[in-house]
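Please brief me on this structure.

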Amino acid sequence: FPREAGRGETVMAAEPARQWTEGQLKSEEVAKKDIIQFLQQSASEPFLGEHKLMGNIKNVAKTAKKEQLIVAYNQLFETKRFRGTESVEKVAQQLKDVKLGAGQDKAKAKIPEVTSNEEPPKYTKSVLQKGDKTNFPKKGDTVHCWYTGTLEDGTVFDTNIVSSSKKKKSVKPLIFKVGIGRVIRGWDEALLTMSKGEKAQLQIESDWGYGKKGKPEAKIPPNARLIFEVELVDID
């Protein structure tokens, strides 16, 4: 009986047939491990839990008596509590488990992961020029960028782009390792979504910019929303 037919599935599993007669079960022909394996593949999780048949087959065989296994086998066909038929009870059982001490700790540990994954990014990106859509930087890669940073009122507070053709030859793009905190978080996060050659406008909330302190030396006030035009020219 396919193992995949159970967990989390809404479609009812096909009803398994009896593998052995009563006589065969009581004989040496059928081992405890055979019965356990059949029950684990055929019975619902709550049924297995009630009969203490969950876990490693060898471990279950050490603690379970054959008489108990035969009773469980017969009960399975009498009650028809086959795998995939007790999804509602399974959910209720899981809720009970969560209330137990160990389960509660696990549940608490999982909650921050979900919220952190679902936290909306504190920047928006508008693509001005498409990249190759193939080469994306990974954390720790060295990126080469041209950029201009402005405040919401249009004041340019920083740029490495020069208009003079003489100066252009001597100016190099900004080079740094991305995704490891060398620059503001808005840059780190946004650049990982850009491909080589892409140019984008980034509107970065202050939390992912310079925050409550701002950056007075660059004339960036506290809680400032920053707007950058960034071009990802190369990735090492």
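Predicted model: local features only at pLDDT ≥ 70, side-chain atom pairs only at ≥ 80, totals over all residues.

Residues are numbered from 1 along each chain as its sequence is written, and side-chain values use heavy atoms, with hydrogens and water left out. Helices (H or I, at least four residues) and strands (E, at least two) are DSSP runs, numbered from the N terminus.

**Nonpolar cores**

- A nonpolar core is a set of buried Ala, Val, Leu, Ile, Met, Phe, Trp, Tyr and Cys residues joined through side-chain atoms within 4.5 Å. Buried means under 20% relative accessible area, exposed over 50%, partly exposed in between (1.4 Å probe, protein chains only).
- The largest nonpolar core has 25 residues; Cys145, Trp187 and Phe228 are among those with the most contacts inside it.
- Strand 2, helix 9, strand 5 (199–204) and strand 6 (226–235) each give two or more residues to this core. Strand 6 supplies the largest share, five residues.
- Another core, of 21 residues, lies apart from it and includes Leu53, Ala72, Leu76 and Phe77.
- Leaving aside neighbours within four places in sequence, cysteine 145 is in contact (heavy atoms within 4.5 Å) with residues including Trp187, Leu191 and Val230.

**Strand 2 and its hairpin**

- Strand 2 and strand 3 (residues 156–159) pair in the antiparallel sense over three bridges. Pairing requires that DSSP finds at least two bridges between two strands.
- Four residues sit between the strands of this hairpin, and glycine 154 takes a positive phi near 95°.
- Glycine 149 lies in strand 2 (residues 142–151). Glycine 149 stands opposite aspartate 158 in strand 3.
- Glycine 149 counts as buried because its relative accessibility is 0%.
- Glycine 149 and valine 230 are 81 residues apart in sequence, yet 8.6 Å apart in space, C-alpha to C-alpha.

**Aspartate 188**

- Aspartate 188 lies in helix 9 (residues 185–191).
- Aspartate 188 is buried yet has no salt bridge. A salt bridge is a side-chain nitrogen of Lys or Arg within 4 Å of a carboxyl oxygen of Asp or Glu.
- The backbone nitrogen of glycine 181 lies 2.9 Å from a polar atom of the aspartate 188 side chain.

**Helix 2**

- The buried residues of helix 2 (residues 32–42) include Ile35, Ile36, Phe38 and Leu39.
- The buried residues of helix 2 pack against helix 1 (22–26), helix 3 (45–50), helix 4 (57–63) and helix 5 (66–79).

Note on methods. Lys, Arg positive; Asp, Glu negative; His and termini not counted. Polar contact = N/O pair within 3.5 Å; in protein donor to acceptor, adjacent residues only side chain to side chain.
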